[in-house]
Amino acid sequence: MDNEVTTARRKSAVRSLQAGTIGAIVEWYEYTIYGLASALVFGSIFFTELEPAVAQIVALASFGVGFLARPLGAFVAGHLGDRIGRKSTLILTFSVMTVSTAAIGLLPTYAQIGTAAPILLCVLRLAQGFAVGGEWGGAAIIAVENAPKGRRGFFGSWPQIGVSAGLLLGTAALSFSVAISGDAFAEWGWRVPFLLSIILAAVGFYIRLRATESPAFLEEKARMEAEAEEQKAPLKVLLAEHRKPLLIAIFARFAEAGNYYLFTTFVLSYLATTLGLPTEVGLTASMIGAAVNIAMIPVYGALSDRIGRRRVFLIGGTIMILTTIPLLLLVQTGQLWAIIVGFVVFLGLGHAMVYAPQPAMYCELFPTRVRYSGISVGYQMASILLASFTPALAGAMVLWSGGSLWPVMIYAIVCTAIAMVAVRFVPDNRHLELREIGETATAPAPAPAAAAR
């Protein structure tokens, strides 16, 4: 009987891991192709009436528009995830993302319908942002809450590869489109990656429907029903009783949130528009860096189970601070080998080390009853504060400085330093059961007689 229970739990953990990982890959593929398209072609086909340099900045800003809806998606998905369940909420966010991405692939351009084109583009981008706002928290939770004892860091790191796997697949799809469409890329080739997302979505739906609900959530729900406890709004409880971990969750993201998009969106635009390099140069470097990132994230996740989330994060943050200037100077040379080295070191060392332990670290900050809300709101508030308009801001800084990357370098270093300060306050809860986190501090002390017994 014990073997059967163990086998069932293992299967449940693996299915949940697959659901979080595959869903994240598909959603971040969809998110990535928008970022790449905004860097390469949206300025010329959706913002035609503007000067080319301004149109490029506005196109990158449209990428940032999606981040405005992320907090709303985090609030809604967090509430639903803590009230009705993790699995159902993940299916909802996945559906919204898939429909909006396919619609972008069918959207007429400015030349066809005028001002309505950029307006509709931004509306669909907001829908993407809403979906992603609830996606990351659910994918992280369903993997971590179903993880075997002592392996939360490793299991939680797998949905993190969704970002780079999506980047890799999205970049490959865009490169394929460039190859088959040639000079017609701006005419119809850019639509191909958006329409291919329908096939990926079918795979994602199948895997997510097979996932099981989190045992931690079911246990908490049963406890509240047994004790007839009034179920307060998770967001209200979060803001009233868990402000400190929420602030830690927000500022801990400053190391990777904006810096990731500096490399994967802004640098591609910089290489193509400022340095005048072929599109394939940036795409090739991006794909190689993403592949290394995918390989290293589970390694660092497992390492966090051994030496702690905080220590792995701080090592990664230190690497990012020490390498930011050299790596961007390499990119500025315009040499393919230098650009590849820049992407590989950033994505394979610094970014991977601060990103891998985040799911387990965030889940260990909040109790089960507000965990979905806590990590979703914390994660996405950082997105709107930092990551949202970082590519456009970086482009504006380069334009203001006459083509220099120094303002961008300083910006990246300061943001990383802020995150490292926040993570210093993260408690080491890796040895606690998830049901104990956030509850032990407020639990009543045992009566003397009970303590004596």
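Which residue forms a salt bridge with Glu364, the closest N and O atoms being 2.7 Å apart? Arg309 does. The model is predicted: local features need pLDDT of at least 70, side-chain atom pairs count only at pLDDT 80 or more, and totals for chains, interfaces and linings use all residues. Residues are numbered from 1 along each chain as its sequence is written, and side-chain values use heavy atoms, without hydrogens and water.

**View 1. Glu364 and Arg309.** A salt bridge here is a side-chain nitrogen of Lys or Arg within 4 Å of a carboxyl oxygen of Asp or Glu. Glu364 sits in the loop between α19 and α20, Arg309 in helix α17 (residues 309–332), 55 residues apart. Helices are DSSP runs (H or I, at least four residues), numbered from the N terminus. Both residues are buried (under 20% relative accessible area, 1.4 Å probe, protein chains only; exposed is over 50%, partly exposed in between).

**View 2. Glu364 and Arg152.** Glu364 also forms a salt bridge with Arg152, closest N and O atoms 3.0 Å apart. Arg152 lies in helix α8 (residues 152–157), 212 residues from Glu364. Relative accessible area is 2% for Glu364 and 9% for Arg152. A network of salt bridges links Arg152, Asp305, Arg309 and Glu364.

**View 3. Arg430 and Asp428.** These side chains meet in a salt bridge at 2.9 Å, N to O. Arg430 is buried at 16%, whereas Asp428 is partly exposed at 42%. The whole structure holds six salt bridges.

**View 4. Glu135 in helix α7 (residues 116–144).** Glu135 is buried, at 1% relative accessible area. Its contacts (heavy atoms within 4.5 Å) include Glu27 and Arg208, not counting residues up to four places away in sequence.

Notes: Helix = DSSP H or I, 4+ residues; strand = E, 2+ residues; numbered from the N terminus.
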